[in-house]
Amino acid sequence: MAKRPQDLIYGVDDKPPFSVLLIMGIQHIFLMSSTLVLPIVLISTIGGTFEQIRSVVALTMIACGIGTMLQAVRWRILGSGFVCPNLCGPNFFLASMEAAWLGGIPLMRGMTIIAGLTEAVFARFVNRLKFLFPAEITGLVVLMVANGLVPLGVSKFCGINYDGEPIQSASVVTASVTLFVMIGSNIWGKGKTKLYSVLVGMLCGYVLSFATGTLSWAYFNNVVDAPWIASPFLKNTFTIAFKWSLLPTFIIVSITGALKSFGNLIMCEKVNDEEWKEPDMKRISNGLMADSVCVAVSGLLGGVASDTSASNVALSRASGATSRTIGYMAGALFILFGFFPKISGLLSVMPTPVMGAILIFVTSFMIVSGIQIIVGSGMDTRKIFVIGIPLIFGLSIDMLPSLFAGVPYFLRPLFDSSLTLSTILAVILNQLFSIGKKL
């Protein structure tokens with residue numbers, strides 16, 4: 001039986017008032033919208049029209065909204081019952097781009113469906129793999145998921161879009177004030193102020209972004225020109241293609257995404273249980289199944305592949321509101337806004353420094369949670385090496401990405417993610433050292 005943490009205002013089975021649900025749902029969808037730039041970049045790169053871009057963005061939102069709602073249910077084989085929203089998955093971006101270049105949107109859709117089916121198979125077997133994921137390794141997974149957000153958060157905080165670009169002072173000032181407003185609201189806020197700390201910080205950040213010139217009205221031109229209501233479905237939307245040569249890449253990327261979702265779901269469990277000791281593999285299996293359905297639906301509808309959002313999980317922890325009814329609200333709003341191009345366009349216009357401040361705010365909670373899980377497992381010499389070596393090599397990917405440029409092509413996907421490499425190394429070393437101990 002899970003023990004509810006004292007600092008939760010609304011626990012996982014609580015039902016907040018509608019006004020709270022609405023505001024919390026809006027707060028979550030702003031974070032869920034943070035990666036909507038990915039389908040814009042992808043479709044633009046392959047020469048897609050504005051109508052195609054609008055369609056793919058809207059369909060991605062609808063699929064993510066469905067996934068967010070499915071994740072919040074507690075059915076026998078589907079749903080974790082947690083607020084663990086879906087967003088457009090950065091993890092799938094390069095693979096989706098390759099598919100789109102080779103065969104256009106139909107091939108991207110077909111391979112995305114394959115990725116969803118792959119995760120579904122993984123989800124059904126993961127509850128039998130509990131012995132591979134003791135507490136220290138689950139803590140490492142949570143820590144590396146958080147680590148994956150660090151480069152993005154810091155670059156946005158400093159206003160840097162590409163290597164070598166100088167730090168933008170206006171961005172740093174805006175992001176710093178936004179971050180401190182969120183922190184202040186979270187630490188010193190009275191009553192339910194903690195619930196809305198991110199939203200309060202965002203409003204402050206938007207005002208500062210206009211004042212410093214980081215955001216101008218020119219960014220909203222496409223929003224003004226977009227229709228109020230429009231169907232996201234275009235001609236040939238449901239055309240699907242498949243290519244065998246892309247199968248290994250999408251299988252590996254799918255498993256990588258599943259490992260990230262594994263870490264996010266562990267984070268959900270820990271946030272809702274003050275005495276958490278080990279993952280509930282049945283619940284995580286159901287959560288991964290919900291995520292796999294979302295990925296497959298993204299492909300079926302014609303959107304870009306989705307992924308569970310670590311930042312939204314951390315937002316639940318930071319706000320003290322983990323009620324799964326918030327997941328229903330956020331998902332329903334995201335689906336609804338997919339049919340309103342002006343609103344979906346407005347959501348995708350988030351100032352860079354505001355995004356950076358939010359990511360640093362929520363990532364702080366994830367990093368500490370990962371460390372707590374690792375240390376709480378009771379470290380010994382064997383565990384030091386099981387965690388230390390994978391952590392070193394995992395971080396090396398982010399610090400020195402060119403170091404592994406000569407890795408054989410078929411191993412490339414393993415070295416594209418610090419999370420994947422560190423998790424696989426930790427599992428292998430744990431089993432190896434355990435065998436050695438028995439001998």
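## Arg54 in helix H3

Arg54 sits in helix H3, which covers residues 50-72. The model is predicted. Is Arg54 buried or exposed? Its relative accessibility is 14%, so Arg54 counts as buried. The cut-off for buried is under 20%.

Which residues does Arg54 touch, leaving aside those up to four places away in sequence? The contacts are Ala230, Ser231, Leu234 and Pro341.

## Confidence in the model

The protein chain has a mean pLDDT of 85. Of its residues, 97% reach 70 or more. Which element has the lowest mean pLDDT, and which the highest? Helix H8 (residues 221-225) is lowest, at 72. H12 is highest, at 94. Where pLDDT is low, the predicted coordinates should not be read in detail.

How many salt bridges does the structure hold? There are five. One of them joins the side chains of Arg4 and Asp14, with N and O 2.5 Å apart. Both Arg4 and Asp14 lie in the segment before helix H1 (18-32), so this pair ties together parts that are 10 residues apart in sequence. Arg4 is partly exposed, with a relative accessible area of 39%. Asp14 is partly exposed too, at 25%.

Asp13 takes part in another salt bridge, and its partner is Arg324. Their closest N and O atoms are 3.4 Å apart. Asp13 lies in the segment before H1, while Arg324 belongs to helix H12 (residues 324-337), so the pair ties together parts that are 311 residues apart in sequence. Asp13 counts as exposed, because its relative accessibility is 59% and the cut-off for exposed is over 50%. Arg324 counts as partly exposed, at 22%.

Asp307 and Lys260 are both buried.

## Helix H9

From first C-alpha to last, H9 reaches 37 Å. That is close to the 38 Å expected at 1.5 Å a residue.

## Where H5 crosses H9

The axes of H5 and H9 come within 8 Å. They cross at roughly 105 degrees. That makes H5 roughly perpendicular to H9, because angles of 65 to 115 degrees count that way.

Which residues meet at this crossing? H5 brings Thr138, Val141, Val142 and Val145. On the H9 side are Leu259, Lys260, Phe262, Gly263, Asn264, Ile266 and Met267.

## Val145 up close

Val145 lies in helix H5 (residues 135-158). With a relative accessible area of 5%, Val145 is buried. Leaving out residues up to four places away in sequence, Val145 touches Lys260, Gly263, Asn264, Ala310, Met366 and Leu419.

How far apart are Val145 and Ser311 in sequence and in space? In sequence, 166 residues separate them. In space, their C-alpha atoms are 9.8 Å apart.

Conventions:
Residues numbered from 1 in each chain as written. Predicted model: local features only at pLDDT ≥ 70, side-chain atom pairs only at ≥ 80, totals over all residues. Heavy atoms only, no water. Salt bridge = Lys/Arg side-chain N within 4 Å of Asp/Glu carboxyl O. Helix = DSSP H or I, 4+ residues; strand = E, 2+ residues; numbered from the N terminus. Buried < 20%, exposed > 50% of the residue type's maximum accessible area, 1.4 Å probe, protein only. Expected span 1.5 Å × (residues − 1). Contact = heavy atoms within 4.5 Å. pLDDT = per-residue confidence, 0-100. Axes fitted to C-alpha atoms, helices over the stretch in contact; angles between N-to-C directions. Parallel < 35°, antiparallel > 145°, perpendicular 65-115°, else oblique.
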